[in-house]
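User: Could you take a close look at one part of this model for me? I would like to follow the charged contact and its surroundings.

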Amino acid sequence: MADPTTTSTPAAPKTVDAGKWADRRVGIRLVIYTAGIHAFAGFIMLLFELGGRNK
């Protein structure tokens with residue numbers, strides 16, 4: 001049986017897309033999610049507005 005203190009796992013390779021490109025993708029995703037949430041919230045507000053008119 002091998003001694004667990006002497007075995008080491010190889011280090012993971014560095015990602016190629018780290019840095020500016022990853023930050024750009026995160027920013028684009030943030031804009032898309034924010035716009036989507038606002039559109040959904042606007043739709044819900046519209047439903048409440050139209051539902052309140054029928055009273």
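Analyst: Glu 49 has 46% relative accessibility, so it counts as partly exposed (between 20% and 50% relative accessible area, with buried under 20% and exposed over 50%, using a 1.4 Å probe and protein chains only). Its partner is Arg 53: the two side chains meet in a salt bridge at 3.7 Å, N to O (a side-chain nitrogen of Lys or Arg within 4 Å of a carboxyl oxygen of Asp or Glu). Arg 53 counts as exposed because its relative accessibility is 60%. The structure holds 1 salt bridge.

Keep in mind that this is a predicted model, where local features need pLDDT of at least 70, side-chain atom pairs count only at pLDDT 80 or more, and totals for chains, interfaces and linings use all residues. Residues are numbered from 1 along each chain as its sequence is written, and side-chain values use heavy atoms, leaving out hydrogens and water.

Now for the helix: Ile 44 lies in helix 1, residues 20–52 (helices are DSSP runs of H or I with at least four residues, strands are E runs of at least two, numbered from the N terminus). The protein chain has 1 helix and 0 strands. Ile 44 is partly exposed because its relative accessibility is 30%. Across the 55 residues of the protein chain, buried ones make up 0%.
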